[in-house]
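The following exercises ask the reader to work through one structure step by step. Each task is followed by its solution.

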Amino acid sequence: MNHVTAQFVGDRQRRRLERRFGSHVGEWLTELPAIVEELASRWRLTVEAPAPRGRTSVVIHVRRADGAEGVLKLSPESGLAVSEAKMLRMWADSHRVPRVWDLDEDRGAVLMERIDGDTIADRGTMPPMETVGALIAELHATEVAPGELAELRPLTSRVQFVFDYWNRERGEGPAAEVVSAAAMHRGFCLARDLANGTVDVVPVHGDLHPGNVIDGGARGLVAVDPRACLGDGAVDAVDWALWKATGVAEVERRVHVLSGAMGVDADRMFEWVRAFAPCQAVAKAGRGQVGTDEFDVLMELAGGAAVAR
């Protein structure tokens with residue numbers, strides 16, 4: 001085992017993986033170096049270094065024998081890797097996602113091309129809403145075989161997961177003092193009703209926030225880390241309507257542009273924004289951002305009182 005292989009996961013990422021998957025993830029991490037070596041040998045890869053991204057997986061920069069730069073992603077929950085690979089392959093014709101080169105379903109490992117560039121979150125500046133809307137529209141417009149659509153989870157399951165997660169974060173962190181359980185419940189009920197709708201149903205990314213979109217330069221924006229499901233396409237715009245917004249009017253302007261670029265109803269998109277606003281308020285509180293303009297906007301959209309400064 002080389003020294004690079006032995007240093008895939010730092011303490012911070014280990015804690016993050018344990019929080020997401022449970023303490024048993026430690027056994028998987030112990031086996032990880034041997035798994036990587038096995039895959040590197042089979043797929044003729046040179047292991048280079050851990051990648052900076054990877055919240056529900058371990059991501060490693062690799063190089064194929066032909067010199068192509070790639071990414072090896074491994075998850076302790078193999079179903080996540082399989083679902084991601086299937087979604088990326090569904091969207092391959094859009095050229096808006098990385099190409100999947102190989103998949104090991106048993107190991108929960110995906111080998112894909114490496115996209116050079118920073119995520120929008122790392123870059124810290126918002127692209128034009130027209131550009132973001134075009135990315136989402138092109139993903140949703142990709143033709144997908146009926147059989148593949150039938151294998152996708154319903155959006156309702158993703159909504160349930162997201163609210164379960166953020167309700168847990170709220171109860172265990174500082175958000176319990178500033179984001180009410182009632183606001184979370186209202187948001188969940190609204191999101192559940194929207195997810196049960198039958199309008200503009202497409203394969204959605206399910207986690208399309210600025211940290212999961214890379215500025216690929218001449219290639220344009222590239223989406224990574226999908227949480228594939230089938231449902232209302234408007235939901236993929238929520239994070240872009242809210243990211244770093246400091247006023248409700250700004251959110252409304254973004255929704256107007258995004259909905260136009262995507263060809264979906266603006267009022268329904270705004271309802272999705274309102275539904276998920278309390279979840280994002282919990283996230284802000286956890287990062288110590290209570291009392292900021294961004295937090296107050298989220299609370300206003302969620303129907304809660306803004307915190308006094």
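**Exercise 1. Determine which residues surround Arg268 in this predicted model, leaving aside its neighbours within four places in sequence.**

Step 1. With those neighbours set aside, Arg268 is in contact with Leu194, Val199, Asp200, Asp232 and Ala234.

Step 2. Arg268 itself is found in helix 11, which spans residues 266–286.

Step 3. Is Arg268 buried or exposed? The relative accessibility of Arg268 is 17%. A residue counts as buried under 20%, so Arg268 is buried.

**Exercise 2. Describe the largest cavity by its volume and its lining.**

Step 1. The count comes to one cavity of 30 Å³ or more. The largest cavity has a volume of about 60 Å³.

Step 2. The residues that line the largest cavity are Thr56, Ser57, Lys73, Ser75, Leu80, Ala81, Glu84, Val110 and Arg227.

Step 3. Which helix gives the largest share of this lining? Helix 3 (residues 78–90) does, with three residues.

Step 4. Sorted by class, the lining of the largest cavity has three nonpolar, three polar and three charged residues.

**Exercise 3. Classify the aromatic pairs formed by Phe163 with Phe188 and by Tyr165 with Trp166.**

Step 1. A pair of aromatic rings is described by the distance of the centres and the angle of the planes. The count for this model comes to four aromatic pairs.

Step 2. For Phe163 and Phe188, the distance is 5.6 Å centre to centre and the angle between the planes is 65 degrees. Planes over 60 degrees apart count as edge-to-face, and this pair is edge-to-face.

Step 3. The pair links distant parts of the chain, with Phe163 in helix 7 (residues 155–172) and Phe188 in helix 8 (residues 181–195), 25 residues apart. Both Phe163 and Phe188 are buried.

Step 4. The ring centres of Tyr165 and Trp166 are 4.9 Å apart and their planes stand at 90 degrees, so this pair is edge-to-face as well.

Step 5. Tyr165 is partly exposed, with a relative accessible area of 23%. Trp166, at 22% relative accessibility, also counts as partly exposed.

Step 6. Which residues do ring pairs link into a cluster? The cluster consists of Phe163, Phe188, Trp272 and Phe276.

**Exercise 4. Locate Gly291 and state its burial.**

Step 1. Gly291 lies in the loop between helix 11 and helix 12.

Step 2. The relative accessible area of Gly291 is 16%, so Gly291 is buried.

Step 3. How many residues along the chain lie between the positions of Gly291 and Gly70, and what separates their C-alpha atoms? The two are 221 residues apart along the chain, and their C-alpha atoms are separated by 42 Å.

Definitions and conventions:
Residues are numbered from 1 along each chain as its sequence is written. This is a predicted model: local features need pLDDT of at least 70, side-chain atom pairs count only at pLDDT 80 or more; totals for chains, interfaces and linings use all residues. Side-chain values use heavy atoms; hydrogens and water are left out. Helices (H or I, at least four residues) and strands (E, at least two) are DSSP runs, numbered from the N terminus. Buried means under 20% relative accessible area, exposed over 50%, partly exposed in between (1.4 Å probe, protein chains only). Contact means heavy atoms within 4.5 Å. On a 1 Å grid over the protein atoms alone, a cavity is a set of points where a 1.4 Å probe fits but cannot get out, and a pocket is an open set with protein on both sides within 12 Å along at least five of seven lines; lining residues have an atom within 4 Å of a point. Grid points are joined across faces, edges and corners, and a volume is the space filled by probe spheres set on the points. Ala, Val, Leu, Ile, Met, Phe, Trp, Tyr, Cys and Pro count as nonpolar, Asp, Glu, Lys and Arg as charged, and the others, Gly among them, as polar. Rings of Phe, Tyr and Trp (its six-membered ring) pair if their centres lie within 6.5 Å; planes under 30 degrees apart count as stacked, over 60 as edge-to-face and the rest as tilted.
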